[in-house]
Amino acid sequence: IIEALRQLFSRPATRKYPYVKSSPPPRFRGKILYHADLCVGCRLCVKDCPAEAVQINKLEDGSFEAVFDLDRCIFCAQCVESCNKNALEASSEFELATTRKSELKVRFDPDGRRI
């Protein structure tokens, strides 16, 4: 009972999220970023992704586009580790919730812009 009364008058240990934002820890694995200018289309990221959430498609002009299924991604960053050209990067973005599943399929054009 003494501990319950002590906790009743102490400050809470939690933050008032989402009003008070916190920064993720170093080396946090969030949303994957694609650098199209570095991609050579080797598809190592596609082969090594355990969730099959990455696609690299060759376009008619010889350039590549990347498609990420964020609803399948387990954010392990294995694709980032597998990429020899550093064309993929794990960001610190983690607030990916949406009410539309179509927003979780992220497509990047050959210039690296999100489509």
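**Reading cavities, a strand and a core**

Analyst: The lining of the largest cavity divides into 10 nonpolar residues, one polar and two charged. Here Ala, Val, Leu, Ile, Met, Phe, Trp, Tyr, Cys and Pro count as nonpolar, Asp, Glu, Lys and Arg as charged, and the others, including Gly, as polar. The model is predicted: local features need pLDDT of at least 70, side-chain atom pairs count only at pLDDT 80 or more, and totals for chains, interfaces and linings use all residues. Numbering starts from 1 along each chain as its sequence is written, and side-chain values use heavy atoms, without hydrogens and water.

User: How many cavities of 30 Å³ or more does the structure hold?

Analyst: A cavity is a set of points, on a 1 Å grid over the protein atoms alone, where a 1.4 Å probe fits but cannot get out; lining residues have an atom within 4 Å of a point. Points are joined across faces, edges and corners, and a volume is the space filled by probe spheres set on them. The structure holds two such cavities of 30 Å³ or more. The largest has about 90 Å³ of space; of its 13 lining residues, C39, C42, C45, C83 and A87 are the closest to its centre.

User: Why is strand β3 described as largely enclosed?

Analyst: Strands (E, at least two residues) and helices (H or I, at least four) are DSSP runs, numbered from the N terminus. Buried means under 20% relative accessible area with a 1.4 Å probe, protein chains only. Six of the six residues of β3 (residues 64–69) are buried, so the rest of the structure largely encloses this strand. On one face are F64, A66 and F68, on the other E65, V67 and D69.

User: Which strands pair with β3?

Analyst: Pairing needs at least two DSSP bridges between two strands. β2 (residues 54–58) runs antiparallel to β3, with five bridges; N57 stands opposite E65. The two form a hairpin with five residues between them, and G62 in the turn has a positive phi of about 90°. β5 (residues 105–108) is also antiparallel to β3, over four bridges, and F108 is the bridge partner of A66.

User: Which residues have the most contacts inside the largest nonpolar core?

Analyst: In soluble globular proteins, nonpolar side chains tend to be buried together. A nonpolar core joins buried Ala, Val, Leu, Ile, Met, Phe, Trp, Tyr and Cys residues through side-chain atoms within 4.5 Å. The largest has 25 residues, and Y34, V54, I56, F68, C79 and L88 have the most contacts inside it. β3 gives the largest share, three residues.

Note on methods: Buried means under 20% relative accessible area, exposed over 50%, partly exposed in between (1.4 Å probe, protein chains only). On a 1 Å grid over the protein atoms alone, a cavity is a set of points where a 1.4 Å probe fits but cannot get out, and a pocket is an open set with protein on both sides within 12 Å along at least five of seven lines; lining residues have an atom within 4 Å of a point.
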